[in-house]
Amino acid sequence: MGELSRPHGAHLQSPAAGGGSTAGTPQGALRSATMEAGEGAGFATTRLKDMLSWAQKYSLFMYPFVTACCGMEFMSVSGPRFDFSRFGSEAPRFSPRQSDLLWVVGTITQRQAPVLKRIYEQMMEPKFVLAFGTCASCGGFYDNYACVAGIDKIIPCDVYVPGCPPRPEGVLDGLMLLQDKIQRGDRTPGIVKPRRDPATDQTLGLVQLRRKDSV
Amino acid sequence: MAQALIDLVKQQFPGAVLASHSQHGDETLVVKPDSWHAIHQFLRDDPRAAMNMLMDLTAVDFPDQEPRFEVVTHLCSLTLGHRLRLKSRVGDEEGENVEIATLTDLWASANWLERECWDLLGVRFVGHPDLRRILLYPEFIGHPLRKDYPADEIQPLVAYREVENIEKLPPFGPDEGMAFGRQTHLRPQDES
């Protein structure tokens, strides 16, 4: 078991390889299964459901529903520097019928809400929704007559990535969280939280933020 | 420079100019709504003014005053290089009879500006060829930039999902999300 292996990875095993060090991860298992084949291993066992979710989570065809300034960060995270195609989420499909993952990037106004709902309904099952940024997650400061306070008021949402706009690292965290949820078959909404909280973690050397309970 | 412009309008329309001031190169005329169109036409056509550009048209809501709405235009002369702001007060305290003449026959840009002003503030421009909402949807009731429009009133086009506690869905906790000091402005008839 490598350090990077996830506890909920597919249960692929390569018994003849003696439970080698890479067998915990699906990639490692497949690689070892194919590589060890000449030595007489040649087979791997898993559950079909796990195998399918493993394939699904690394082939997310995305539909970018980009409406506002978060789109710049979306471009950044899809560009070569941060590059979420490393996570198998490479191919954009500008037809909802061919896409699995709906990225809602930016503010959704009441006038756009029917469009978003229709796009979501046109997508094929299984479909996933990622709310990119504070506006899509809960409306943010657009607390007025014109805007929808969070896309979860109209469509179910799988992962929320807060931030105005979110850092690319946060978006990648959200994508990995979604992949983890797909692997586990978990459809409860998840939220990306900071790995290290700058309000409490002194080693970050950032500006000390005051919390509500300490004021 | 543009003080001469103010004097010109005052001289041309005696009695129509209610007030005027000039500060830091900002000239403003407050005129009667009856002569709104005539003054604009004069300013556009007279060679001493030559206001060939309507830069902005909007309105301001003063809920406690009567007339309640102040329609504002910003004019600019690209040839002579001067500007002028015109204001006119219309409407009673309930927000009825908010009517003023359209400027679409003078400047084509007035069309969308007046539609926006009608959409958000409910100023009716008499003679406008196509006075529809431009930013909001036709199903919207009321004019949201009026001060008596409730700050938290939304009119969704799509019905919200039927989920328990839709206002605060998980994973957001009770103290997360929007918690700004929102003031609710009640309509006058709601207060009694």
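**A tour of chains A and B**

In chain A, 68% of the contacts with a separation of 6 or more link residues 24 or more positions apart. Keep in mind that this is a predicted model.

**Stop 1: chain A, overall**

Select chain A. Its secondary structure comes to 6 helices and 5 strands. Read from the N terminus, the elements run α-α-β-α-β-α-β-α-β-α-β. Colour by burial next: of the 215 residues in chain A, 38% are buried.

**Stop 2: the sheet of chain A**

Show the strands of chain A. The 5 strands form an open sheet in the order β1-β2-β3-β4-β5, with parallel pairing. Which strands stand at the edges? They are β1 (62–66) and β5 (190–191) of chain A; each has a single partner strand, so one side of each is left without a neighbour in the sheet.

Zoom in on β1(A). It runs parallel to strand β2 (residues 101–105) of chain A, and 5 bridges join the two. Pick A:Y63: opposite it, in β2(A), stands A:L102.

**Stop 3: helices on the sheet**

Now select α6(A). It lies across β3, β4 (159–161) and β5 of chain A. The angle to β4(A) is about 170°.

**Stop 4: A:M176**

Stay on helix α6 (residues 168–184) of chain A and pick A:M176, which is found there. Is A:M176 buried or partly exposed? It is partly exposed, because 16 other C-beta atoms lie within 10 Å, where a buried residue needs 20 or more. Then select A:K57, 119 residues apart from A:M176 along the chain. The C-alpha atoms of A:M176 and A:K57 are separated by 9.1 Å.

**Stop 5: the hairpin of chain B**

Move to chain B. Select strand β1 (residues 17–23) and β2(B): they run antiparallel and are joined by 6 bridges. The two strands form a hairpin with 2 residues between them. In the turn, B:H24 has a positive phi of about 50°.

Show the side chains of strand β2 (residues 26–31) of chain B. They alternate. B:E27, B:L29 and B:V31 point to one face and are buried.

**Stop 6: B:V30**

Finish on B:V30. B:A19 stands opposite B:V30 in β2(B). On strand β5 (residues 82–90) of chain B, which pairs with β2(B) in the parallel sense over 3 bridges, the bridge partner of B:V30 is B:K87.

Technical notes. Residues numbered from 1 in each chain as written. Chains lettered and ligands numbered in written order. Predicted model: local features only at pLDDT ≥ 70, side-chain atom pairs only at ≥ 80, totals over all residues. Helix = DSSP H or I, 4+ residues; strand = E, 2+ residues; numbered from the N terminus. Buried ≥ 20, exposed ≤ 12 C-beta atoms within 10 Å, placed from the backbone. Contact = placed C-beta atoms within 7 Å. Pairing = 2+ DSSP bridges. Axes fitted to C-alpha atoms, helices over the stretch in contact; angles between N-to-C directions.
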